[in-house]
Structures are given as structure tokens and as C-alpha cells.
Amino acid sequence: MTYWQRRQQAQRLRGIALETVLPLCGARRDCQDPRKWHTPEGVLSVNGPKFMNWNCGRGGGGAIDLVMQLQHLDFKAAVDWLADLFPGVVPEPVVTPTPRLSLQLPSPDPSKLPRVRQYLVHQRAIAPALLEPLIQSGTLYADARANAVFLLLGKENSPMGAELRGTTAEPWRGLAPGSQKDLGCFAVPIPPSSNLPNATTPIILCESAIDALSCLTLHPHCRCFSTAGARPNPLWIKPLLDQAGPIFCGFDADATGDHMAAAMIALYPAVKRLRPPAHDWNDVLKREQI
């Protein structure tokens, strides 16, 4: 992103209503005074885009200043924090846009598929019966480096990217170049062409494809989706909220997972927290196999 693109993005982010951002920073509105907010950093008074922290005698203007103060971030980190939470509300600048990198999915290598199967079954405790439909559909395959490739599917089950997970002794994870995580996701069972589940089926959002597979094993009557990282506002969540049944945020049981889950619930109050009883759902599954 160029300097001017970054500047225009910051201007748009700065204009987000403070009342929208404050709950994501752990603040709660005062019961008697709607302009007063109680935050972990003290009491704030809000007047339009302006705010004042009376506990420390510091004020500011706009969402970026607010996030810098409440989240203890520098300017760049505050911009990134807001951009991640509000990808749809704050579009990318259109001035001299940089061409998007085209999706580069790794080519399948059937000779490496036994290694991927062995890793997922014996090291990750995933049942073979759960993997085979994914392999047969091409949603899961092995690449030339023996990585497990989990496709992120969008509308009409079109590939929008892929999660990559190493299966060798050296732990590794990543995304296929050009992946668009906001336009597609990994889901089990395999989604229909509409990419929307039955309206009564509970949905659990997980941080990775392996966690989604593990979570489905533990909660077989649910649909499990991967957000490809602890992200509170993937764009594809909105159709699910409009048309699906109960939705639970099953992010990891750590500080990042808890913070991102709280941010998601602040943005979408219908979402409920489902915290894994171990660090993540795969840890829970492996613990139950002992």
C-alpha cells in the first residue's frame, strides 16, 4: 500500500463512530450518562468524534486516537487493528490501486497423500472417515511438499484460497498466495453449493481447518467453519448470521482467542462464546483419545 493509500485508509478509519469502537476495547456505557464510558484505562467522556479521559487528563479525536490510548498501540498498529475489525465498513482506497495477487493454489501431489493422511490421523487424531469425503471432493489434498491443503470455498464452492499445514517434523502453517480469507472459508461437513447451512444447524467458528475437523468430531451435530486465524469480522459471517441457526465462537482458550471472541461478540451480539476446555479443539480431541 502506498503512502497516499495508507493516508486515505487512515482518514476513513478515523471516522468510525467511537460508540462502535469502545465496546471492542472493553468499555461499557454508563447507565445514567450515555456520553460517559467506563474503560480499563479510566472514565471517558465522548462528544461526537472527541473524547476525554478524566483519569489521566488525556483526550483525543477519532477512532485511531481512541484505539491508541485504550489498546496501547502506536499509530500503524491502531490502523491495522481497526482495518482488521472493519473490513467491510472501511473499504480499501481506490486511488492508484495495487493489483491483487492472483490465487496460486499448490498443485496436488497424490504421492504425498499417504503422508498427509498419516499426519492427520495419527498425530492429530482425526478420524479417517471424516477425511475421505474431503479428499474425494478435492477440498483436502497434498501438495509436492507434503503439506495438507485445505481449500477455502466461496460462492458456488469456488476456491478463494487455502490453508496450508506442514506434516513433517518442522511445524509450519500458512496460506496459499493470493488467498482471500474474507471471501471463502473451510467448512465441514462439505457445504452445499449455496455455501449456507441448514437454518437450524448450530455453527462453531474455529481458528483453523484442523480445529474445525476436531470440533466436528466433538460436536457431530454442528457445522464447523475455520476463520483461518483469530479474526472477529470475516465478511462471510454476515450471511450466516442472517440465515443460519445458533453461532458460537470457538476460538482458542488463550488471550488472543478470548480478545478476538469478545470483539466478534461486540460486533455481532447473536454470537455466543464456546471456549475449548484445552488450548484448542485439537488438543481437546487428542486428550480424549488418551
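Helices here are DSSP runs of H or I with at least four residues, and strands are E runs of at least two. Counted that way, the chain has ten helices and 14 strands. Keep in mind that this is a predicted model.

**Overall shape**
- For 290 residues, a compact globule would come out near 19 Å in radius of gyration, and the chain's 21 Å agrees with that.
- The C-alpha trace stretches over about 65 × 45 × 40 Å along its principal axes.
- Take the contacts between residues at least 6 apart in sequence: 59% of them link residues at least 24 apart.

- Of the chain's 290 residues, 45% are buried.

**Nonpolar cores**
- The largest nonpolar core has 29 residues, and the members touching the most others are Leu120, Leu140, Phe150, Phe186, Val188 and Leu213.
- Several elements supply at least two residues each to this core, among them the helices α5 (113-123), α6 (128-137) and α10 (281-289), plus the strands β6 (140-142), β7 (148-153) and β10 (186-188).
- Helix α7 gives the largest share of this core, at six residues.
- Leaving out residues up to four places away in sequence, Leu140 touches Leu120, Leu131, Leu134, Ile135, Ala148, Val149 and Phe150.
- There's also a second, separate core of 25 residues, including Ala10, Cys25, Val79 and Trp81.

Terms used:
Residues numbered from 1 in each chain as written. Predicted model: local features only at pLDDT ≥ 70, side-chain atom pairs only at ≥ 80, totals over all residues. Heavy atoms only, no water. Rg over C-alpha atoms; globule rule 2.2 N^0.38 Å. Buried < 20%, exposed > 50% of the residue type's maximum accessible area, 1.4 Å probe, protein only. Contact = heavy atoms within 4.5 Å. Core = buried A, V, L, I, M, F, W, Y, C linked by side-chain atoms within 4.5 Å.
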